Amino acid sequence: MLKIEPYRPQDFIDFTKAANVELYQDALTKVRTELLGKHYPLIINGQERDTAEKLVSTNPCDTSERVGSTARATIQDAEDALNGAWDAFKTWKTWTMDARARVLLKAAAILKRKRLEVCALMTLEVGKNYAEADVEVAEAIDFLEYYAREAMKHEGFGAAETTWYAGEENGLMYLPLGVGVSISPWNFPCAIFAGMLAAPIVVGNCIIVKPAEDSGMIAGFVVDILREAGLPAGVVQFLPGVGEEVGDYLVRHARTRFITFTGSRNVGLHINEVAAKVVPGQRFIKRVIMELGGKDALIVDETADIENAVTAAIQGGFGFNGQKCSAMSRLVVVDSVYDEVVGKFVERVNALKVGTGEENANVTAVVNEESFEKIGKYLEIGKSEGKLLTGGAAPGENAGKKGYYVQPTVFGDVDAGARLAQEEIFGPVVSVLRARDWAHALEIANSTEYGLTGGVCSRDRARLEQARHEFEVGNLYFNRKITGAIVGVQPFGGYNMSGTDSKAGGPEYLGNFMQLKAVTERY
Ligand SMILES: NC(=O)c1ccc[n+]([C@@H]2O[C@H](COP(=O)([O-])OP(=O)(O)OC[C@H]3O[C@@H](n4cnc5c(N)ncnc54)[C@H](O)[C@@H]3O)[C@@H](O)[C@H]2O)c1
Ligand SMILES: N[C@@H](CCC=O)C(=O)O
């Protein structure tokens, strides 16, 4: 095991300091000068490969601006990537955990040096403001550092357990699975993309990475860092493409050993169903790791620190425009403090600055036209399901804007069974629900099919202890926002329809990508 300092999460950059704002703006200038319009080809077996068709990245905050492009993989490219990865696996699986960990540690060091550059690219490609981008790149660095250290705990024979019994030596070994595919979302295009490849490869697997169509450039940037860090050819096959095409092809393929997917509920359930079907030539049960959507609730009871609760609601509800699986899309308030909480909350929502990521606005444009239209439909649904307290401008009312801007919106007195309280909207839209009392609030919070994040603002210790056991979410927070899990501190993942609870950034996560072998020798 390498002698390195213990894992510690990255600190975040403080953008209340003018000097840091200036550094970020310098990075934006650098990215505009050096990366704007860049094209990222496929990387298969270490070789660049271009395609006839391309996937274009557009700035959501200014849709007239083309940020860059990636190749658009074909089925043949996917087939070549899969075969090449299995070839690379023959050697990569023989590397020690330490040796593989060094690649991740080197990549983390490079990413640290390029931190603001990646942030600036993220601002342009998906519209994140400074803090949201920086927190995410910090998380990507953390994933690399954390998984490198965790992997080294699983080295060699007996790493899991060695016992002597009846004159026999018995040991457990951790082994990689083989070749998998990682299909990732656009909303954490650096951290989740990096984490979903780093964990499988550091324990000896090879992987085909299929980033989201809206964030291929950032993915290409990360893959370039891995190559600079010395990752051998074929261990990571970079395959930007259309999910329904090459993603689907690889999910169904007989030689795909595992699938790690992060994305929407419906796509995830489809993949889970298709992956379960055994196809000719398949000799294993595909392992599927899923992290899906959420409809996350923050409860505020009558004992809460109201100012703190409102701050938690603003941060959790509108961070990155609510485009987080962890976002607080439901605010559940006990009746006796409902008017006070909602009044303060709406006041704070109205103070949110709407603008571009470059302007470092609180709320920027949502990622693409499809999302923009989908949210617009929910705004109309909301007007019949609740009381519009602020925002709610239909997309047409934002005409003349350069990007996909949705006004921060709050609907009050939404019924727990309403579509607005059950379905993931994935935008700057919060539903406020009125609870009779604490017990009713907890019942409401648990009333969706999801189980990702949740929170309670209360000073009643007994209630917090009850929530610890009865609030059905994978990540539960008390008296703070319900987003922003830190790698190695708050392992992230939910259950029910939010996923298979893989707990990214936790000590159990690498286990998703390994299998155990028991070996016994009689002396
Ligand atoms: N639980 C988590 O940790 C987590 C984290 C981030 C995002 N998410 C969820 O992801 C969603 C937003 O991301 P998105 O819009 O990229 O999700 P999405 O499901 O639309 O796409 C995710 C990925 O799946 C691919 N894909 C789409 N259809 C496919 C198919 N038929 N076969 C194979 N691949 C296919 C896409 O190309 C993309 O790479 C939200 O629902 C959010 O809650 C969850
Ligand atoms: N891990 C992130 C959410 C990722 C999903 O979009 C958080 O904890 O806020």
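Me: How far is the polar side-chain atom of Lys 210 from an oxygen atom of ligand 1?
Reply: The distance is 2.6 Å. That is a polar contact, meaning a pair of N or O atoms within 3.5 Å; within protein, one must be able to donate a hydrogen and the other to accept it, and residues adjacent in sequence count only if both atoms are side-chain atoms.

Me: What am I looking at, and how is it numbered?
Reply: This is a predicted model, in which local features need pLDDT of at least 70 and side-chain atom pairs count only at pLDDT 80 or more, while totals for chains, interfaces and linings use all residues. Residues are numbered from 1 along each chain as its sequence is written, chains are lettered from A and ligands numbered from 1 in the order in which they are written, and side-chain values use heavy atoms, with hydrogens and water left out.

Me: Back to ligand 1. Which polar atom of Glu 424 lies 2.5 Å from an oxygen atom of the ligand, side-chain or backbone?
Reply: A side-chain one. With Gly 263 the polar atom belongs to the backbone, and an oxygen atom of ligand 1 is 3.3 Å from it.

Me: How much of ligand 1 does the protein bury?
Reply: The protein buries 89% of the 850 Å² that ligand 1 exposes when taken alone. Accessible areas come from the Shrake-Rupley method with a 1.4 Å probe; for residues, only the protein chains shown count as cover.

Me: Which elements give two or more residues to the shell around ligand 1?
Reply: Helix 8 (243-252), strand 11 (258-262) and helix 9 (265-275). Helix 8 gives the most, with four residues. Helices (H or I, at least four residues) and strands (E, at least two) are DSSP runs, numbered from the N terminus.

Me: And which residues come nearest to ligand 1?
Reply: Of the 29 around ligand 1, those are Lys 210, Glu 213, Ser 264, Leu 292 and Glu 424. A residue is near a molecule or strand if one of its heavy atoms lies within 4 Å of it.

Me: OK, ligand 2. What surrounds it?
Reply: Asn 187, Phe 188, Lys 324, Cys 325, Ser 326, Thr 483, Gly 484, Ala 485 and Phe 492. Asn 187 has a side-chain N or O atom 2.8 Å from an oxygen atom of ligand 2. Backbone contacts come from Cys 325, with an N or O atom 2.8 Å from a ligand oxygen, and from Gly 484, whose polar backbone atom is also 2.8 Å from an oxygen atom of ligand 2. Taken alone ligand 2 exposes 280 Å², of which the protein buries 95%.

Me: How many bridges join strand 7 to strand 20?
Reply: Nine; strand 7 covers residues 168-176. One bridge pair is Tyr 174 with Leu 516 in strand 20. Strand 6 and strand 7 pair over five bridges, and Thr 163 stands opposite Asn 170 in strand 7.

Me: What about the hairpin of strand 6 and strand 7, how many residues sit between the strands?
Reply: Two residues, and in this hairpin Ala 166 takes a positive phi near 50 degrees.

Me: Where does mixed pairing turn up?
Reply: In an open sheet of three strands with the order 1-5-4. Strand 1 (38-40) and strand 4 (54-58) stand at its edges with a single partner strand each, so one side of each is left without a neighbour in the sheet. Strand 1 runs parallel to strand 5 (residues 66-71), joined by three bridges. Lys 38 has Gly 68 as its bridge partner in strand 5.

Note on methods:
Two strands pair if DSSP finds at least two bridges between them.
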